[in-house]
Amino acid sequence: MKPFYYLAILLVFFGSACRPNEAEGPRENYQQVILNELSFNLFLTSYSTLENRSETLLNTIKSYAANPTQNGLDLCRANWRATREVWENSEAWLFGPVSTESIDPRIDTWPVDFIRLDSVLNSNATFSNAYINSLEESLKGFHPMEYLLFGKNGNKSVSEFDARQMAYLVALAENLKQLCSELHTAWSPQVGKYVDELTLTGPLKLYPNKLSAYEEITNALIGICDEVANGKINDVFINLDSMGEESPFAKNSITDFTNNIKGVQMVYLGPDPSGTTGLVDFVRTFNLSLDARIKQKINTAISALGQITDPFGRAIFTQPIQVQNAVDAINDLKTELETGLLPLIQVHVK
Amino acid sequence: MSIKFKFSIVAISLSLLVLNACRKYDPAYVSETEEWFSGGAQTFFDETITGFDHIFNGLSPAEELAHEIGDKAFDQTFVTAPAPLNSGLGPIYNNVSCVSCHVNDGRGKPPVNGEALSSMLFRLSIPGVNPHGGPNPVPGFGGQLQPRAIAGKSGEADVVISYSTINGTYGDGTPYVLRQPVYTLSNPYTSLPSDVMLSPRVAPPVFGLGLLEAISEYDIIKYADPSDADGDGISGKANRVWDVMSRSFKLGRFGWKAGQPSLIQQSAGAYNEDMGVTNFIFPMESSFDQPQYDQLNDDVELSDSLLHAVAFYMQTLGVPARRDVDVPEVKEGKRLFNQIQCASCHIARHVTASDMAFPSRSNQKIFPYTDLLLHDMGPGLADNRPEADANGYEWRTPALWGIGLTRKINGHEYFLHDGRARNMTEAILWHGGEAESSKEKFRNLSASERQAVLKFLESL
């Protein structure tokens, strides 16, 4: 063979090697692995955990209503916080049935309609899950339960609970459990099938390709950062109006915000940072410095929230620098996700 | 190269230049590239659940802030007055917040599987007109049924919805089933007149409305043909409605019967009627002359600035980009959509008016697929309730942009004014009146052609 032919073969070989990979290669397959891992082992699992914890909360409230003791009340409060923890984590993936089926407002609406709540408690109505279902969003979910469990100043004593409050609490907990079950079912494979949709195997083809699913996940991360920094924190902070604070009775607001950002961290690092798969594995394939920045900004945001040591409603007056730092750190993370992560996904995920 | 040859080249080049320069500008020309940009410069390539919730490009920082304030107000849940936060719900109402009906800035639906009535409401009236030619309110009930009430007050009535089935057949023999709703009022707090007229309405999407508001009145009226002078069977009629702020009649643009002239009046009306929240445009409680009236001296319950912010929020919500514009089946569907004359009312393209005061929505080439005019849609869809110049058979052509994202963003595909259609096909098959001919042409398409039309609609 003449040298010219060798040269031609070599050129064809290198030309092919440099061509973009049009078929599903290992890189594309791995993007699907990440999507499956997040969908099944983080999102779906979180709703299973939420359902389980809401059931535990229901059981402890039932026990407390039957036998009101300080230990029982402490347990109810601890389980309220434990259920709330998973819920706040899951606000980092606030898309799909939680939004389209209006489950979010039925679980987590602020403010509570206190005048209506008093009226309901003073009525002759029989409290049940069905009764709670018929009420407005401002009378169901976490916050009326929080108000009844913790009291206006967070120090309600066992002797302050009456039978009507106990009955309402039980009905509220039943309703919360039902909504968490609905949410879990809506995501479950073979049932509501949303997890199938997100992993591109569902019957409705809601997500035509991996890119659309990745964008959904990333937009949700950006959305929760925006909500925490510019809504939950800043609306209250710039107006110096603690009435807008969520979870004021349990003084749980800073924990709520932190759990929101930890939700972002879970999506980025994967369900179990020690070994499983998350967006980190996608980012590290292309851009190690972006990976380092995202990790650092998540950590900075979480630690900035940790610097707010007073309850949030008081911290807006007593720790304005720390509050502002938290807003800035979360907005910084949001910007990195918007200008670093999302464009990287849009370029490399098909 | 000879002088003669050089001269020829120069002459040919000059001729081409002159010919091109003299070609007439065609304002109706639409390139394939433009079709992706449904909202012109306010188009957003986002197919996720936030697809209907994008702030306009090109706003000033102050405008961005106003939009954000409006966005938050749109989500606020109102509670019973007096309250330190979001006070003023009711005393009678349909829902507790804007977003409760317009979930993700999208479309509402009728109750499904025993759900309570949430993102759907019912307008009421009796024969006759109000002092401004609008619907005549029902004594003791007003112009809208509010089934819910705060503690100690009674909702006006409940609505029971049932459906009967209507069987039909496509031209190729394939059967289909439609469902016809029947509405029954029950438990009225006081007796209802026997001649009450009821008009069901699901919450329409709220994105892109600022661009529709920016189309000049001239550009809408030019498509009107109320007496069908061109004999194509399609009339198109403008609604003229009372504008409260200017105290004059204006072109109706918003609502299922084009009963509202502006987004601020639409928003103010929804706060007042849907939530019972009084405001500077509608300062009187919807229950004012009824026993449910709260007698509180707290009106107006919504600040002027918040109402303006919410209206501005809606004025500055962008439009999702189209998908799959270049897919052959979608192109074929578009061709058929035009061929069977859907586009006679669902007019694809408009150009918004030049507006130096609002540059972000000025002079935009947009593709909403509506003429914003009223059309007789036949007895099947008629509510038999007039609203200003709209009679009981007429409905305003709804915009179709973004319709293909309804399933993902709103979790359902219930269409038409009362959500009776369970998918886009049923919505088409319900068309009657002026659209009967187009419906019949669709019905007689082959299965693959019908599928192409649906693929086109899904791409919007």
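Domain 1 of chain A and domain 2 of chain A bury about 1800 Å² between them, with 56% of that area on carbon and sulfur atoms. The model is predicted.

**Domain layout in chain A**
- Chain A is split into domain 1, residues 49–188, and domain 2, residues 208–350.
- Their contact draws 22 residues from domain 1 of chain A and 24 residues from domain 2 of chain A.
- The C-alpha centres of these two domains of chain A are 26 Å apart.

**Domain 1 side of the domain interface**
- Three residues lead on this side: Ala92(A), Phe95(A) and Trp110(A) supply 31% of the area that domain 1 of chain A buries against domain 2 of chain A, more than any other three residues.

**Polar and charged pairs between the domains**
- Domain 1 of chain A and domain 2 of chain A share four salt bridges.
- Glu88(A) forms a salt bridge with Lys232(A), and their closest N and O atoms are 3.2 Å apart.
- On the domain 1 side, α3 (70–90) and α8 (142–150) of chain A each supply at least two residues that touch domain 2 of chain A.
- α3(A) gives the most to that side, with six residues.
- By class, the domain 1 side that touches domain 2 of chain A holds nine nonpolar, five polar and eight charged residues.

**Chain A against chain B: area**
- The contact pairs 30 residues of chain A with 29 residues of chain B.
- Thr100(A), Ile115(A) and Glu136(A) supply 22% of the area that chain A buries against chain B, more than any other three residues.

**Chain A against chain B: pairs and elements**
- Two salt bridges cross the interface of chain A and chain B.
- Asp235(A) forms a salt bridge with Lys72(B), the closest N and O atoms being 2.9 Å apart.
- Twelve residue pairs are in polar contact between chain A and chain B, both residues at pLDDT 80 or more.
- The elements giving two or more residues to the chain A side are α4 (97–100), α6 (114–121) and α11 (210–239) of chain A.
- α11(A) gives the most to the side of chain A that touches chain B, with seven residues.
- That side of chain A has ten nonpolar, twelve polar and eight charged residues.

Technical notes. Residues numbered from 1 in each chain as written. Chains lettered and ligands numbered in written order. Predicted model: local features only at pLDDT ≥ 70, side-chain atom pairs only at ≥ 80, totals over all residues. Heavy atoms only, no water. Domains from an automatic or database assignment. Contact = heavy atoms within 4.5 Å. Buried area = accessible area lost by both parts, 1.4 Å probe. Salt bridge = Lys/Arg side-chain N within 4 Å of Asp/Glu carboxyl O. Helix = DSSP H or I, 4+ residues; strand = E, 2+ residues; numbered from the N terminus. Nonpolar A, V, L, I, M, F, W, Y, C, P; charged D, E, K, R; others polar. Polar contact = N/O pair within 3.5 Å; in protein donor to acceptor, adjacent residues only side chain to side chain.
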